[in-house]
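Look at the sequence and the model shown here.

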Amino acid sequence: MSDLRPTAVIVLAAGEGTRMKSNTPKVLHTIGGRSLLDHAIHAARGVAPEHLAVVVRHQRDRVADHVAEVAPEAVVADQDEVKGTGRAVECALEALPPDLTGTVVVTYGDVPLLTSETLRGLVAAHEGTASAVTVITASLEDPTGYGRVLRGADGGIEAIVEQKDATENQRAIREVNSGIYAFDSVVLREALAEVGTDNVQGEKYLTDVVAIARRRGLPVHAHLIADLWQTEGVNDKVQLARLGAELNRRTVEQAMRDGAVVVDPATTWIDADVTIGPDTVVHPGTQIHGATTIGSECVIGPDTTLKDVEVGDGASVVRTQAELAQIGAGATVGPFSYLRPGTVLGARGKIGGFVETKNAQIGDGAKVPHLTYCGDATIGEGANIGAGTIFANYDGVTKGHTTVGAQSFVGSNSVIVAPRTIADGSYVAAGSAVVSDVGPGQLAVTRAQQRNVDGWVARRREGTATAAAAEAALRAAAGEPTPADEDSTDHETVATEPKDVH
């Protein structure tokens, strides 16, 4: 095909993955914000196949549901009781159109660093050499666990032997089979029909297709790649962490090449679907997850975690945790802020230290600076919410919404009992409990009149340091000498004549 678009990509995801020691299917474990299977599907979709098939078996429904979520166009094929990669591919072919022709790519659901570029290179090499089979291979210092590539006198691939079936001499071979192939679809169907299960594992090996093709005199080639990480699969949680760290290293490096400033790549984690604009500075201890998008010339971190957050140009987000939130251009957040889902902060707005927000729309230039809980609220442009304000949005049964109008001011240590409306251009006095709506231009005051009780400390706290301080202050105010004054009387020194000594 002129555009090298494969007829189909088959992703094998049927294995149990017992070495993971987990109730979660191996292919559903995540690194870089995607499941292992999602990484495989992402690479497969990058070559624009006419058909995409995913083979499932272990915890079939969980895996199939995930496929439907991340790739609804994919065909889910069920592997039957016959074991082996050859049978898995055969099941996929049975789920695809019977008249399939062209190139079929086979890959795996546990090889997360494989890229679309590598798959495109495989397809180009396969079709460029008119091969019946092309396999991605790599040369490893320690090939233990991998199938070995057996080459003929002409340098072509004669066969691939699995580790458990290999002789001692064959196990010394360092070129290994990645398990990632491009096949001529007709050859693949016909060869799989001949493959048996006469081996140590009693499985139908996909590798046997290589030997069958060679016996027929068909060309079989290797596509050797230098980036060994792309061929490495996840078999246990140690490998999961190792590949996760390498994926993150590559993601952070790409973010820097795209213009971001990452102060300490070793302590910065960025998911694969994150985008960061040029000249944004990411400080140490920062995690940026999900589908977060960050504009240009922002400051993020240190010690910040963002998940599915949109950050506008020039914003500053410091020591903050935020999820499913929007932060406007030029806005400031933190330190020690918690933005829960539904938070929308307008341009040049502020969410300050020790503030928690949830389902709150905060207008352009509005400020929620200190020690506040702001939940289920709409705050108008330019409004100011004083320190220690609580939006009491829950009465034990239902949630209520509060609206604070544009350019309004809520004094410190106030409680707004929802549902409530505080109109544009109004004030709430500090320490108020707002239980009624406030109209435009009004001042809401709901606190008792202050009463000062004379002599209370002297009567109720006699003998304390507080009582002594109060007494001293009262005497000073009355112009009376304090005990300290009385103890510091000056004494004159009198000079006397020395007596004559006779």
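## Basis

This is a predicted model, in which local features need pLDDT of at least 70, side-chain atom pairs count only at pLDDT 80 or more, and totals for chains, interfaces and linings use all residues. Residues are numbered from 1 along each chain as its sequence is written, and side-chain values use heavy atoms, with hydrogens and water left out.

## Helix α6 and its contacts

Helices are DSSP runs (H or I, at least four residues) and strands are E runs of at least two, numbered from the N terminus. Helix α3 (residues 85–95) packs against helix α6 (residues 185–194) at an angle of about 130°, their axes 10 Å apart. That makes α3 oblique to α6. Axes are lines fitted to C-alpha atoms, for helices over the stretch in contact, and angles run from 0 to 180 degrees between N-to-C directions. Under 35 degrees counts as roughly parallel, over 145 as roughly antiparallel, 65 to 115 as roughly perpendicular and the rest as oblique. On the α3 side, G86, V89, E90 and L93 make the contact (heavy atoms within 4.5 Å); L188, R189, L192 and A193 do so on α6.

The axes of α6 and helix α7 (residues 208–215) come within 9 Å and cross at roughly 105°, which makes α6 roughly perpendicular to α7. Here L188, A191, L192 and E194 of α6 meet V209, I212 and R215 of α7.

## Annotated site

An unreviewed UniProt entry places the feature "binding site" at D110 and N235; such annotations may be inferred rather than shown by experiment. D110 lies in the loop between β6 (103–108) and α4 (116–128).
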